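Please open the model in a viewer and keep the selection tool at hand.

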Amino acid sequence: MTQLFEGPRVRLTAVDPEPDAPIESAWTHAGQWLRLIDTAPAHPLSPAQVKKKYEQLAKEAEKTFHFALRLRAPASPATEAAAATAPTPDRLLGFARVHNLDWMHRAAVLSLGIGDPADRGQGYGQEALDLLLRYTFDELGMHRVAGYLGGYNLGAIRFCERNAFTLEVRRRQAVARDGQRWDLLMYGLLRAEWAARRALTAEAP
């Protein structure tokens with residue numbers, strides 16, 4: 001049977017407020033993290049405020065599926081030296097979220113973020129997106145998904161386009177950052193496009 005929540009190196013889990021809230025709080029004190037995942041004004045959150053956010057997300061369970069993104073335990077290292085340098089399993093990496101679900105029209109919005117800059121560029125985001133798309137299309141039965149990005153987030157734009165998302169809406173100069181105006185972009189992906197890309201990936205040598 002397909003493993004819904006585990007990839008080769010990462011897994012999607014429930015939030016664990018006590019250990020997770022202080023970690024996410026620390027991420028919010030780096031303004032760049034907040035600017036990458038949202039266009040709202042950036043402001044730091046205390047652990048207590050992060051916990052309240054978790055509580056609010058739990059109340060929106062009918063239209064929001066929120067996951068903590070964690071590092072999986074690696075295979076047993078062959079040597080003690082390898083064990084000493086192996087990544088810490090179950091470490092919180094970020095979040096993955098399916099939200100704004102429209103059950104009638106089978107549409108949803110996806111959000112994904114990696115908190116620590118040192119964890120970005122390691123392929124964790126790709127694994128997380130693969131899990132999230134499979135969950136959204138196969139488990140929830142959605143027909144289409146969308147993602148919203150500020151035009152300054154070039155890494156996320158490349159990430160979306162690499163994963164077959166199409167730029168569908170450009171709200172010109174809708175976002176203000178540091179005295180500049182940026183477009184707000186909406187990228188979309190249909191179930192058939194996702195299935196076609198997954199088939200090509202499976203066939204690749």
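This is a predicted model: local features need pLDDT of at least 70, side-chain atom pairs count only at pLDDT 80 or more; totals for chains, interfaces and linings use all residues.

Residues are numbered from 1 along each chain as its sequence is written, and side-chain values use heavy atoms, with hydrogens and water left out.

**Stop 1: the nonpolar cores**

Select Val-98, Leu-133 and Phe-165, which touch the most other members of the largest nonpolar core, a set of 33 residues. A nonpolar core here is a set of buried Ala, Val, Leu, Ile, Met, Phe, Trp, Tyr and Cys residues joined through side-chain atoms within 4.5 Å. Buried means under 20% relative accessible area, exposed over 50%, and partly exposed in between (1.4 Å probe, protein chains only). Next, colour β1 (10–13), β2 (65–71), β3 (92–102), β4 (107–114), α5 (124–139), β5 (144–150), α6 (154–162) and β7 (180–190), each of which supplies at least two residues of this core. Helices (H or I, at least four residues) and strands (E, at least two) are DSSP runs, numbered from the N terminus. The greatest contribution comes from α5, with eight residues.

Centre on Val-98 and display its surroundings. Beyond its neighbours within four places in sequence, Val-98 is in contact (heavy atoms within 4.5 Å) with residues including Phe-65, Leu-110, Leu-132, Tyr-135 and Leu-140. Then select Trp-33, Ala-68, Leu-92 and Phe-95, which are among the six residues of a second, separate core.

**Stop 2: the aromatic pairs**

The whole structure contains eight aromatic pairs. Rings of Phe, Tyr and Trp (its six-membered ring) pair if their centres lie within 6.5 Å; planes under 30 degrees apart count as stacked, over 60 as edge-to-face and the rest as tilted. Select Phe-67 and Tyr-135, an edge-to-face pair at 5.3 Å centre to centre with 85° between the planes. Phe-67 lies in strand β2 and Tyr-135 in helix α5, 68 residues apart. Phe-67 is buried at a relative accessible area of 9%, and Tyr-135 is buried at 8%.

Move to Tyr-152 and Trp-182, also edge-to-face, at 5.7 Å and 80°. Tyr-152 sits in the loop between β5 and α6, and Trp-182 in strand β7. Tyr-152 is buried at 19%, whereas Trp-182 is partly exposed at 26%.

**Stop 3: helix α6**

Which residues of α6 are buried? They are Ala-156, Ile-157, Phe-159 and Cys-160. Viewed down the helix axis, the buried residues of α6 fall within an arc of 160° and so line one face; the arc is that of the directions from the helix axis to the C-beta atoms. Their cover includes β4, α5, β5 and β7. On the other side of α6, Arg-158 and Arg-162 are exposed. After the helix, select Ala-164, whose phi is positive, near 75°.

**Stop 4: the cavity**

A cavity is a set of points on a 1 Å grid over the protein atoms alone where a 1.4 Å probe fits but cannot get out, and lining residues have an atom within 4 Å of a point. Select the lining, which includes Val-15, Asp-20, Glu-24, Tyr-54, His-66 and Phe-67. At least two lining residues come from each of α1 (17–28), β2 and β3.

Conventions. On a 1 Å grid over the protein atoms alone, a cavity is a set of points where a 1.4 Å probe fits but cannot get out, and a pocket is an open set with protein on both sides within 12 Å along at least five of seven lines; lining residues have an atom within 4 Å of a point.
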